[in-house]
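Thanks for passing this one along. Here are my notes as numbered points, to be read with the sequence and the structure open beside them.

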Amino acid sequence: MMSKNTCEYYGTVSIIMPSYNAAKTIIKSINSVIEQTYPYWELIIVDDCSSDTTYDIVSKVIDARVKLISLQENSGSPVTPRNVAIKEATGDYIAFLDSDD
């Protein structure tokens, strides 16, 4: 039986989160990942040139598993940020999470 403080390793999950002007919702989405009981993950957030405070909010998150990539030009679609994040992913599995989930 495993103790409460240990978790069996099944591989690392790369969680991909595109964001665009998500200042009102993104911290809740980030916290939903941080609060998971499975600790082997990385969260890759790709900010699609937001004009609000999304980048500033994510920059203040203190967790080495959260990575922020900022696009210099808006792509107009979540496809480009997702593809950018997938290229940066180092996990065994890929999962997608929207910044307003």
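This is a predicted model: local features need pLDDT of at least 70, side-chain atom pairs count only at pLDDT 80 or more; totals for chains, interfaces and linings use all residues.

1. Setting aside residues up to four places away in sequence, Ser50 touches Ser19, Tyr20 and Asn21.

2. If neighbours within four places in sequence are left out, Cys49 is in contact with Tyr20, Leu71, Gln72, Glu73 and Asn74. Take Gln72 as one of these: 23 residues separate Cys49 and Gln72 in sequence, while their C-alpha atoms are 5.7 Å apart in space.

3. Now to the aromatic rings, where the structure holds two pairs. Tyr9 and Tyr40 make an edge-to-face pair, with 4.9 Å from centre to centre and 85 degrees between the planes. This pair links distant parts of the chain: Tyr9 sits in the segment before β1 (13–19), and Tyr40 in the loop between α1 (26–34) and β2 (41–47), 31 residues apart. Both are partly exposed, Tyr9 at 46% relative accessibility and Tyr40 at 30%.

4. The other pair is Tyr38 with Tyr40: the ring centres are 5.3 Å apart and the planes stand at 75 degrees, so this pair is edge-to-face. Taken together, the ring pairs link Tyr9, Tyr38 and Tyr40 into a cluster.

5. Which residues of α1 are buried? They are Ile26, Ser29, Ile30 and Val33. Around the axis they cover an arc of only 100 degrees, so they lie on the same side of α1. As for partners, the buried residues of α1 pack against β1, β2 and α2.

6. Stepping back to the whole chain, the secondary structure comes to three helices and four strands, and the pattern along the sequence is β-α-β-α-β-α-β. The radius of gyration is 14 Å, close to the 13 Å that the globule rule gives for 101 residues, so the chain is as compact as a globular protein of that length. The C-alpha trace spans about 50 × 25 × 20 Å along its principal axes.

7. Some overall figures to finish. Of the 101 residues, 33% count as buried. The accessible surface comes to about 6,400 Å², and carbon and sulfur atoms account for 53% of this. Among contacts between residues at least 6 apart in sequence, 75% join residues at least 24 apart. The pair of Tyr9 and Tyr40, 31 residues apart, is a handy example of a link between distant parts of the chain.

Terms used. Residues are numbered from 1 along each chain as its sequence is written. Side-chain values use heavy atoms; hydrogens and water are left out. Rings of Phe, Tyr and Trp (its six-membered ring) pair if their centres lie within 6.5 Å; planes under 30 degrees apart count as stacked, over 60 as edge-to-face and the rest as tilted. Helices (H or I, at least four residues) and strands (E, at least two) are DSSP runs, numbered from the N terminus. Buried means under 20% relative accessible area, exposed over 50%, partly exposed in between (1.4 Å probe, protein chains only). Contact means heavy atoms within 4.5 Å. The radius of gyration is taken over C-alpha atoms; the globule rule is 2.2 Å times the number of residues to the power 0.38. Accessible areas come from the Shrake-Rupley method with a 1.4 Å probe; for residues, only the protein chains shown count as cover. The arc is that of the directions from the helix axis to the C-beta atoms.
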